[in-house]
Amino acid sequence: MEFTETTEGIVLLLEPGEPVMDSLETVRADADISGGFFTGIGAVDRATLGHYDTDREEYTEETFEGEFEVTAFSGNIGPDKIHAHIQLARRDFSTIGGHCSDARVSGTFELLIVPSGTTLEHIPDERTGLDVFDLSQ
């Protein structure tokens, strides 16, 4: 993993075999990120996706293995949580996507992290059971 800080944000390059979410946690710590948003593209050979059931207030997850192009990867970073969504394209051009809790790079993975200018801590939302930004700070 390599990253560099620019005036526009942090550019991150992941290598084959690297775990995407763990790498984001490492950069969060090393670059002292307290709030930001990210976007990225690349390729993975394994990803764990989740969907939130609002009635049961829980995620269901499934792990997928194969050759996937990452056509969209986005989310936010706070000191307490990294929240990511991912869209994966298969060789036949069909896609799958959802909440990303894990992914392993197969080719490359390129990201841009843009600082938010404020700390993005999360608090539980009683209506949905989800963790949402605490903007009362």
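Accessible areas come from the Shrake-Rupley method with a 1.4 Å probe. By that method, the chain in this predicted model has an accessible surface of about 7700 Å². Carbon and sulfur atoms account for 48% of that surface. The chain is built from one helix and eight strands.

**Overall build**

- Starting at the N terminus, the elements follow the order β-β-α-β-β-β-β-β-β.
- Along the principal axes, the C-alpha atoms fill a box of roughly 45 × 40 × 20 Å.

**Inside and contacts**

- Of the 137 residues, 36% count as buried.
- Take the contacts between residues at least 6 apart in sequence. Of these, 62% join residues at least 24 apart.

**Charge**

- The chain carries 8 positive and 28 negative side chains.
- The centres of these two sets lie 7 Å apart.
- Side chains of opposite charge can pair when their charged atoms come close.
- The structure holds five salt bridges. Three of them are described below, one group at a time.

**Arg104 and Asp45**

- The side chains of Arg104 and Asp45 form a salt bridge, with 2.8 Å from N to O.
- Arg104 sits in strand E6 (residues 95-115), and Asp45 sits in strand E3 (residues 36-53). The pair therefore ties together parts that are 59 residues apart in sequence.
- Arg104 has 25% relative accessibility, so this residue counts as partly exposed.
- Asp45 is also partly exposed, and its relative accessible area is 24%.
- The cut-off explains both labels: buried means under 20% relative accessible area and exposed means over 50%, so values in between count as partly exposed.

**Arg56 and Glu58**

- Arg56 and Glu58 form a salt bridge, and their closest N and O atoms are 2.6 Å apart.
- Arg56 is partly exposed, with a relative accessible area of 48%.
- Glu58 is partly exposed at 37% relative accessibility.

**Glu67 and Arg91**

- A salt bridge joins the side chains of Glu67 and Arg91, at 2.5 Å from N to O.
- This pair links distant parts of the chain, 24 residues apart.
- Glu67 belongs to strand E4 (residues 58-77). Arg91 lies in the loop between strand E5 (82-89) and E6.
- Both Glu67 and Arg91 are exposed.

Definitions and conventions: Residues numbered from 1 in each chain as written. Predicted model: local features only at pLDDT ≥ 70, side-chain atom pairs only at ≥ 80, totals over all residues. Heavy atoms only, no water. Helix = DSSP H or I, 4+ residues; strand = E, 2+ residues; numbered from the N terminus. Buried < 20%, exposed > 50% of the residue type's maximum accessible area, 1.4 Å probe, protein only. Contact = heavy atoms within 4.5 Å. Lys, Arg positive; Asp, Glu negative; His and termini not counted. Charge placed at Lys NZ, Arg CZ, Asp CG, Glu CD. Salt bridge = Lys/Arg side-chain N within 4 Å of Asp/Glu carboxyl O.
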